[in-house]
Amino acid sequence: MTTQRTIGVGLVSVGWMGKVHSRAYSSLPIVFPELGILPRLVIAADPVQERVDYAVQTLGYEEGTTDYHKVLNHPEVDVVSICAPNFLHAEIAEAAARAGKAFWVEKPAGRSATETQRMSDLATSVGVVSAVGFNYRSAPAIEYARELIANGELGRITNVRGSFFADYSAEPNGALSWRFIRDLAGSGVLGDLMGHLVDLAHYLVGPIQEVASLTHTVHTQRPKLPMGAGTHFAVIENGEMADVENEDIAALLVRFGRDNAIGTLEASRVSVGPRAQYSIEVYGTQGSLTWDFERMNELHLALNNAGERCGYTRIMAGPGFGEFSAFQPGAGTSMGYDDLKVIEAKKFLLAYLGYESQHASINDALAANRVLDAAEVAAQTNSWRKVETTSGTSAAKTPEP
């Protein structure tokens, strides 16, 4: 691209993720100047006036409001970031689509496959570009792993093992935020961490076709927290208790379409020890690889062609790995979480401008949510469930037999 294009940005919800999106837009012309894309922070909305003021005074938005409809109806807004809680995703995304605005919504998009299907159908019917915050797929080591798998370096894929373990809800007196209430969040760790893991498996290996599962709620009650008064990290001693309505732990057995490979996927929000231990392992007849977000700039790779020396080699992400060279000059100087969001912003805005970007769209969210919905039914019925096929995703292509 040789000419500069200004794109008007609107933001809904100025919490932690809203700040991350805003920093990503602001960083885009610095990190990727060759694109000629200049995001313009036009207007931000949040129900809390203090956050509105922060968006204008600190983040750099030209205007602020407590009514998100003013963001969607603003004539100079081209794209909208939706960083509100889960129960508002569909409402706001559908309103954005009807207003003709491309939208970037945080996962899990809808609270169910049905809700996500409605979002997908509307976005398709009105022709707006969508993006979903599956940021882990943008890690340079993951992009490199995807290339290795696609090129057949691991041979025929045999099995996948993934685990997304975190401790953000390990404290029994952690507040009962909206994340623990079914009407507000949908499922628990399934929609939160498992959704990321399923997308990662789809992106690396290909679609999951069948699933069986177990789920468990460890802390069945938590102290109440008024909406907007804090986060799920808040700890409340001697508070009024109320029921947790969704699961803390989930374990899935899955079967992929690719090579008839099988897999185990686990997620927990109550693990004591792991902080953000988000890992995936892919095994094939000629090699295997492993990746862990806590060491996101590393990939461990084993290939049979190493002969007697076959075993894992630690490879540091560097130039040639995804978008690494846009951030750092050489291997060993690490990237971080926020950098992945800059890459997401790049992919989203390129897609908005009509370029191919392999970004995660609402269809990728639908594919993940169909797996999660099937997993919930499988857990309730103690059975295997087929997963409905989703078209229009950026999942890895299943090789021809």
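An open sheet of nine strands runs in the order β16-β15-β14-β13-β7-β12-β11-β8-β17 with mixed pairing, where two strands pair if DSSP finds at least two bridges between them, and strands (E, at least two residues) and helices (H or I, at least four) are DSSP runs numbered from the N terminus. This is a predicted model, in which local features need pLDDT of at least 70, side-chain atom pairs count only at pLDDT 80 or more, and totals for chains, interfaces and linings use all residues. Residues are numbered from 1 along each chain as its sequence is written, and side-chain values use heavy atoms, with hydrogens and water left out.

- Strands β14 (residues 287-292) and β15 (residues 298-303) run antiparallel and are joined by four bridges, and S288 has A302 in β15 as its bridge partner.

**Six-stranded sheet**
- A further open sheet has six strands in the order β3-β2-β1-β4-β5-β6, with parallel pairing.
- Its edges are β3 (63-65) and β6 (130-132), each with a single partner strand, so one side of each is left without a neighbour in the sheet.
- Strand β2 (residues 37-45) runs parallel to β3 and is joined to it by three bridges, and I43 has E63 in β3 as its bridge partner.

**Helix α1**
- The 16 residues of α1 (residues 16-31) should span 22 Å at 1.5 Å a residue, which agrees with end C-alpha atoms 21 Å apart, the expected span being 1.5 Å times one less than the number of residues.
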